[in-house]
Amino acid sequence: MPTSQPAARRKLVLASASPARLGLLRQAGLTPQVLVSGVDEDALSADSPEQLALLLAEAKAEAVAGRPEAADALVIGCDSVLELDGQALGKPLDAAEAEARWKSMRGRSGVLRTGHCLIDTADGRRASATASTTVRFGEPSDAEVAAYVASGEPLHVAGAFTLDGRSAPFVDGVDGDPGNVIGLSLPLLRRLLAQVGTEITALWS
C-alpha cells in the first residue's frame, strides 16, 4: 500500500530588512525568505500612530506580494512606530534627534505599535492587525544617553530604542508582548495565519 507524502511546507516571505524580525521568526522555528519591500515610509501618513503602523505594514506586504519571487507564498509585512504624546515616532533622522528623543522619553511610558499584514499570494487571502505594547522607560543619565546614541544603534530602530540591544538596560519593563517591541508579535502572526487557513506549526522547519 503506497504511503502518502506529507504536504509540502508553504514558503514564508518576510517583507522587511529587519534582522530583529528575522531573528524572532527563526527562533520560533520558521525559515522565511527575506524580500525587502523598498516602500518609502515617509511618503505615507495616517490619522493615528496605530493606523500608520498598519498602513506601512500593508504597503510593504503588498509591494512584495506582487513579485514573481513571492509566488505561492505567505508574505508577512510589518512596521513599527512608537506612540508618545499622540505622535508616531519612527527611526530618528540623526544623532541629535535620537538624543533629544531619549531625553524626552526618560521616566515615561510610550506605546509601541507594530502593524502586521499577511498575504497568501496563492489565493489572495489576507489578514492584518496592529499589536500594541506599553513600554516603561527608565531614566538613563545624560552620559548614558550620549554613549547609546554614539553606538549608532538608535538610528536604525523605531522609537530610537530596542529590547534586544544596547538600550535594554534603559527599559524598566513592558506591558504586553515583548516580541512586538522587538519588531513582530508571534501570537498575532499565529492568529493571522489561522485567518488565511494555515497553522503556524505547519511552517516549522
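This is a predicted model: local features need pLDDT of at least 70, side-chain atom pairs count only at pLDDT 80 or more; totals for chains, interfaces and linings use all residues.
## The largest pocket

The largest pocket holds about 860 Å³ of space. Its lining is made up of 37 residues. Nearest the centre of the pocket lie E41, D79, K91, H156 and A158.

Sorted by class, the lining has 19 nonpolar residues, 10 charged residues and 8 polar residues.

## The cysteines

How many disulfides does a search of the whole structure find? The search finds 0. C78 takes part in no disulfide, and the nearest cysteine sulfur to that of C78 belongs to C117, 9.1 Å away. C117 is likewise in no disulfide, with the sulfur of C78 as the nearest cysteine sulfur.

## H116 in strand β5

H116 sits in strand β5, which covers residues 109-120. The relative accessible area of H116 is 0%, so this residue is buried. What does the side chain of H116 reach? The side chain reaches the backbone oxygen of T114, at a distance of 3.0 Å.

## T121 in a loop

T121 is found in the loop between β5 and β6, where β6 spans residues 126-137. The relative accessibility of T121 is 22%, so T121 counts as partly exposed. The cut-off for buried is under 20%.

Which residues does T121 touch, leaving aside those up to four places away in sequence? They are A65, A70, A71, D72, A73 and V75. Two of these residues also have a backbone nitrogen placed by a polar atom of the T121 side chain. For D72 the distance is 3.0 Å, and for A73 the distance is 2.8 Å.

A88 gives a further reference point for T121. The two residues are 33 residues apart in sequence, and their C-alpha atoms are 30 Å apart in space.

Technical notes. Residues are numbered from 1 along each chain as its sequence is written. Side-chain values use heavy atoms; hydrogens and water are left out. Helices (H or I, at least four residues) and strands (E, at least two) are DSSP runs, numbered from the N terminus. Buried means under 20% relative accessible area, exposed over 50%, partly exposed in between (1.4 Å probe, protein chains only). A polar contact is a pair of N or O atoms within 3.5 Å; within protein, one must be able to donate a hydrogen and the other to accept it, and residues adjacent in sequence count only if both atoms are side-chain atoms. On a 1 Å grid over the protein atoms alone, a cavity is a set of points where a 1.4 Å probe fits but cannot get out, and a pocket is an open set with protein on both sides within 12 Å along at least five of seven lines; lining residues have an atom within 4 Å of a point. Grid points are joined across faces, edges and corners, and a volume is the space filled by probe spheres set on the points. Ala, Val, Leu, Ile, Met, Phe, Trp, Tyr, Cys and Pro count as nonpolar, Asp, Glu, Lys and Arg as charged, and the others, Gly among them, as polar. A disulfide is a pair of cysteine sulfur atoms within 2.5 Å. Contact means heavy atoms within 4.5 Å.
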